[in-house]
Amino acid sequence: MADKIKLEIRNMTKLYKNNEGVRNINLQVKEGELVTLLGPSGCGKTTILRTIGGFLKCDEGSILIDGQPVEHLPPEKRPTAMVFQNYNLWPHMTVYENMAFGLKLRKVPKAERHRQIMDMLELVKMTGMEKKYPGQLSGGKQQRIAIARSLLLKPQVLLLDEPFSALDAKIRSQMREELRKLQIDLNITVVFVTHDQEEAMALSDRIVVMNRGCFEQIGTPAEVYNNPVNRYVAGFIGEMNFLEQRDKTIAVRPENIVINRETGTEGIPGKVRATMILGHYTEVTVDTQYGIIKAFIPCENSETFSPGENVTLTLSKYHEFAKEEKAS
């Protein structure tokens with residue numbers, strides 16, 4: 001049986017008065033898939049998310065959930081739920097009251113409402129917090145409640161707009177793991193927006209790399225990382241060295257550069273500028289005719305290279321792009 005398409009965007013355009021926005025967007029998201037819209041600020045990620053949720057009206061095209069068009073429906077009538085960057089919890093309501101709000105609107109009986117809320121609090125490891133107010137909780141706990149509140153509505157598609165950006169690095173990493181586990185366990189379809197490439201790589205089944213209102217590449221994290229379709233994607237995802245030649249640009253990841261002590265051998269001659277230990281690998285920067293080239297090597301090999309030492313670099317894997325493909 002083929003994977004069921006849960007969400008489909010067809011030829012969708014949404015432009016603002018300044019003529020910025022998104023044009024002719026086409027995307028299919030499978031049931032139970034987590035798809036991330038990744039790109040710099042202003043590239044149109046949140047615009048797409050808000051049109052799916054009904055907070056923005058699209059100018060052209062259609063949005064289908066389970067094959068049914070929803071672009072004419074207001075947000076509260078769509079089978080979606082959106083979690084915002086700033087959590088959007090009501091400060092004057094307790095955690096319990098915040099979570100009960102949507103269920104009350106849907107006329108869920110009081111006893112059933114209570115059971116669902118308590119089950120969800122247990123699921124997100126927040127049992128015992130129901131009488132607290134949002135202001136009494138840390139950012140990570142507030143975000144967990146915001147996600148739990150959305151999941152209570154059993155959305156067909158969960159929309160997450162940079163939900164972890166206000167959290168510190170360690171909490172952010174924990175929240176990512178929790179979200180991914182929850183998403184897989186409950187088989188939720190998620191569209192996730194971020195400008196953080198590490199977050200996109202860690203969470204996603206597929207990544208949509210965006211630039212100026214358009215899709216540059218759609219693929220799994222491995223596909224986008226290992227086989228970028230153009231220079232923009234190559235430069236946006238992960239670390240990349242660009243070696244400018246007369247008619248082309250060579251793009252090579254730091255981990256695909258081999259440093260040889262023997263000078264005069266075939267490769268790119270250079271001089272070690274600095275070494276920096278970064279956990280399980282060491283970053284070695286080398287001055288070459290192409291400018292500074294960055295290489296990653298295992299920590300156990302790092303002490304063999306000293307600043308000022310002459311070396312030769314060889315490339316174990318690289319990509320070539322036409323010279324006119326400048327990063328915009």
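Predicted model: local features only at pLDDT ≥ 70, side-chain atom pairs only at ≥ 80, totals over all residues.
Colleague: In what order do the strands of the open five-stranded sheet run?

Modeller: Strands here are DSSP runs of E, at least two residues long, and helices are runs of H or I, at least four residues long, all numbered from the N terminus. Two strands pair if DSSP finds at least two bridges between them. The pairing in this sheet is antiparallel, and the order is β13-β17-β14-β15-β16.

Colleague: Which residue is the bridge partner of Gly270?

Modeller: Strands β14 (residues 268-278) and β17 (residues 310-315) pair in the antiparallel sense over four bridges. In β17, the partner of Gly270 is Val311.

Colleague: How are α4 and α5 oriented to each other, roughly parallel or roughly antiparallel?

Modeller: Helix α4 (residues 139-152) packs against helix α5 (residues 169-186) with axes 11 Å apart, at an angle of about 15°. Axes are lines fitted to C-alpha atoms, for helices over the stretch in contact, and angles run from 0 to 180 degrees between N-to-C directions. Under 35 degrees counts as roughly parallel, over 145 as roughly antiparallel, 65 to 115 as roughly perpendicular and the rest as oblique. So α4 and α5 are roughly parallel.

Colleague: Is Gly140 buried or exposed?

Modeller: Gly140 lies in helix α4. Buried means under 20% relative accessible area, exposed over 50%, and partly exposed in between (1.4 Å probe, protein chains only). Gly140 has 6% relative accessibility, so it counts as buried.

Colleague: Which residues is Gly140 in contact with, beyond its sequence neighbours?

Modeller: Contact means heavy atoms within 4.5 Å. Leaving aside neighbours within four places in sequence, Gly140 touches Leu167, Ile171 and Met175.

Colleague: Why is helix α1 largely enclosed by the rest of the structure, and which of its residues are buried?

Modeller: Helix α1 spans residues 45-53, and seven of its nine residues are buried, so the rest of the structure largely encloses it. Those buried residues are Lys45, Thr47, Ile48, Leu49, Thr51, Ile52 and Gly53.

Note on methods: Residues numbered from 1 in each chain as written. Heavy atoms only, no water.
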